[in-house]
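This report describes selected features of one protein structure, grouped by topic. The sequence and the structure come before the details.

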Amino acid sequence: MTLLTGAQIFVESLYKEGVEIIFGYPGGKVIPIYDVLYDSKFKHIMPHHEQGGIHAADGYARSTGKVGVCLTTSGPGATNLVTGLATAYMDSVPIVAFTGQVPRAMLGTDAFQEADITGITTPITKHNYLVQDVKDLSRIIKEAFHIAKTGRPGPVLIDIPKDVLQEEAEFVYPNKINLPGYKPNYEGHELQIKEAAKAINESKNPVIYSGGGVIISEASDELRELAKKANIPVTTTLTGLGAFNERDELSLGMLGMHGTTEANLAISNADLLIAIGSRFDDRVTGKLDTFAKDAKIIHIDIDPAEVGKRKLVDIPIVGDVKRILTILNKVVEEKDRSEWLALIDNWRKLDEVSQVRKDKKKLSPKEIIEAIDELTQGEALITTEVGQHQMWAAQFYKYTKPRSFMTSGGLGTMGYGFPAAVGVQVGNKDSVVFALAGDGSFQMNVQELATVAKNKLPLNIVIFNNGYLGMVRQWQEMFYDRRYSSVCLKMQESCPPGCSSPGDHCPVTTPDFVKLAEAYGIKAKRITKAEEIRPALEEAINSPHPYLLDFIIEEEENVFPMVPPGGSLDNMVLKEEA
């Protein structure tokens with residue numbers, strides 16, 4: 001009988017799971033693993049902060065549909081994963097995170113770099129484990145991957161004491177899973193599906209409200225079949241962008257706080273809402289009482305806890321979206337809904353009102369994103385941070401396929417997009433990848449420039465530089481009488497008292513992103529004129545190397561339309577006050 005150490009069992013188990021890439025940062029408690037990795041076949045990407053590592057694993061998972069894997073040491077290495085775990089948990093992303101731990105005999109003694117990471121992460125993981133016996137390690141890894149990717153996906157954490165990694169056991173990888181308390185339901189109730197079909201066939205003004213669950217379930221083809229067969233317009237959530245081709249005439253774009261006017265008005269005037277793989281997030285619904293107030297509601301979701309959680313529904317169907325839509329499409333009837341679609345077309349014209357700019361002197365974010373869209377024909381893989389640029393990316397880029405837009409929807413994590421783009425590019429080496437960021441959020445994980453440079457990843461990094469924390473500033477402008485508090489990114493001690501308006505008069509740009517990128521050996525360019533936008537983007541896209549573009553945009557550009565917090569979807573602010 002051949003015995004393997006816990007570290008060797010870790011590596012052999014990941015081979016069995018088909019893992020190809022580990023995003024990991026070494027440390028004292030996981031040195032035994034790194035000693036084995038030295039001779040392994042895994043591709044190992046070392047970020048320059050553990051948070052960057054788990055966001056990279058997240059981006060890899062969202063863009064490929066595979067389980068993302070990250071590895072850190074104990075204590076601060078483990079706690080630096082917390083934001084990434086919560087981000088993945090909120091958006092249902094399959095990740096298995098491994099953390100080192102102090103030896104078993106030292107648990108609970110406040111030993112050096114000890115943290116109770118399983119206790120800390122219990123509310124933000126789908127499940128977690130503390131391995132107490134090396135004989136259990138392979139079984140736990142098998143279970144973790146199964147839990148992470150089945151049912152409603154999510155992150156699973158495995159904490160491994162250092163002495164478990166050093167002990168030996170026979171390596172046996174289980175063929176089967178035995179988890180009596182974990183039985184996801186994939187088959188929707190047959191009678192409920194027939195009831196849903198009847199409601200669809202009888203409705204005059206139906207709308208499909210499609211969420212990220214459609215992408216997770218690989219159900220985009222089935223969604224398209226339903227929409228086209230029954231002539232039903234489709235709106236998507238932020239994380240659902242790409243589930244339905246936005247260049248299709250039935251697409252309404254995104255709904256919610258910064259959704260399109262046609263999407264929000266269609267929801268408000270619908271007689272039937274078909275919610276698919278979505279969870280009625282508050283940024284989507286606005287005032288819950290008035291959301292789809294006249295509509296009968298069908299809700300299809302694999303997680304029974306989401307059905308009826310925020311909004312009572314008339315026809316609940318629990319199960320896998322793809323399987324349910326496959327059955328539903330067989331019994332839904334073809335129907336002409338030209339009057340309803342014509343009414344929606346009229347609402348589309350209101351979007352033009354929202355996009356009229358005042359007399360702006362600097363670059364338009366809309367123009368930049370539309371240029372990216374045109375140059376890539378909706379085929380690029382896009383990541384964003386959180387804020388105004390995130391909403392502009394959702395509004396102006398036309399996503400044509402699933403798994404092409406990676407963003408932190410539920411948790412709203414600044415610092416997500418740039419490291420996530422690392423994982424997206426690693427997992428999709430032949431794709432054009434854009435990391436879109438604001439000048440505030442980019443600085444949350446700016447150290448990953450080193451990861452990009454070291455691994456020669458041909459990322460296109462685009463910064464929307466307005467010198468502000470833009471979305472917070474917009475809220476302060478609209479709802480706090482323009483009292484700009486701690487949102488100016490250029491504010492220095494030498495600035496005049498009370499000044500909070502960055503501009504050409506400011507002493508310095510903080511930081512100079514071009515010089516910063518060049519310090520890492522990355523080519524960069526600052527763009528200040530409209531005629532420079534397309535040539536700069538073309539140069540970056542055609543470059544085989546990473547490229548950073550620093551676009552100087554209007555300081556006080558706002559995102560419209562906007563539903564005020566807690567407001568109704570049919571009460572949008574379409575444009576800036578005169």
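K456 counts as exposed, at 62% relative accessibility; exposed means over 50% relative accessible area, buried under 20% and partly exposed in between, with a 1.4 Å probe and protein chains only. K456 is found in the loop between α20 (449-454) and β18. Its phi is near 55 degrees, a positive value in a residue other than glycine. Most residues other than glycine have a negative phi, and most peptide bonds are trans.

A292 also has a positive phi, of about 50 degrees, although it is not a glycine. This alanine is in the loop between α13 (282-285) and β13 (296-301), and A292 is buried, with a relative accessible area of 3%. A cis peptide bond, with omega about 0 degrees, joins F560 and P561. P561 is placed in the segment after β20 (547-552).

## Basis of the model

The model is predicted: local features need pLDDT of at least 70, side-chain atom pairs count only at pLDDT 80 or more, and totals for chains, interfaces and linings use all residues. Residues are numbered from 1 along each chain as its sequence is written, and side-chain values use heavy atoms, with hydrogens and water left out. Helices (H or I, at least four residues) and strands (E, at least two) are DSSP runs, numbered from the N terminus.

## Aromatic pairs

A pair of aromatic rings is described by the distance of the centres and the angle of the planes. Rings of Phe, Tyr and Trp (its six-membered ring) pair if their centres lie within 6.5 Å; planes under 30 degrees apart count as stacked, over 60 as edge-to-face and the rest as tilted. By this rule there are 15 aromatic pairs. One of them is the tilted pair of Y399 and F405, at 4.8 Å centre to centre with 45 degrees between the planes. Y399 and F405 are both buried.

The pair of Y468 and Y484 is edge-to-face, because the ring centres are 5.6 Å apart and the planes stand at 75 degrees. Y468 lies in the loop between β18 (460-465) and α21 (470-479), and Y484 in the loop between α21 and α22 (513-519), so the pair ties together parts that are 16 residues apart in sequence. Both Y468 and Y484 are buried. Elsewhere, ring pairs link Y209, F280 and F291 into a cluster.

## Charges over rings

A charge sits over a ring if NZ of Lys or CZ of Arg is within 6 Å of the ring centre and within 35 degrees of the ring normal. R473 lies over the face of Y468, at 5.5 Å from the ring centre. Y468 has a relative accessible area of 2%. In another case, the charged end of K366 sits over the ring of F396, 5.7 Å from its centre.

## Helix packing

Axes are lines fitted to C-alpha atoms, for helices over the stretch in contact, and angles run from 0 to 180 degrees between N-to-C directions. Helix α17 (residues 365-376) packs against helix α18 (residues 388-396) at an angle of about 50 degrees, with the axes 9 Å apart. That makes α17 oblique to α18; angles under 35 degrees count as roughly parallel, over 145 as roughly antiparallel, 65 to 115 as roughly perpendicular and the rest as oblique.

## Annotated domains

The UniProt record, an unreviewed entry, gives residues 5-118 as "domain: Thiamine pyrophosphate enzyme N-terminal TPP-binding". UniProt positions follow the numbering used here, feature names are shortened, and annotations may be inferred rather than shown by experiment. The end C-alpha atoms of residues 5-118 lie 23 Å apart, and the span is 42% helix and 18% strand.

The UniProt annotation "domain: Thiamine pyrophosphate enzyme central", also from an unreviewed entry, covers residues 193-326. Here the end C-alpha atoms lie 10 Å apart, and the span is 34% helix and 20% strand.
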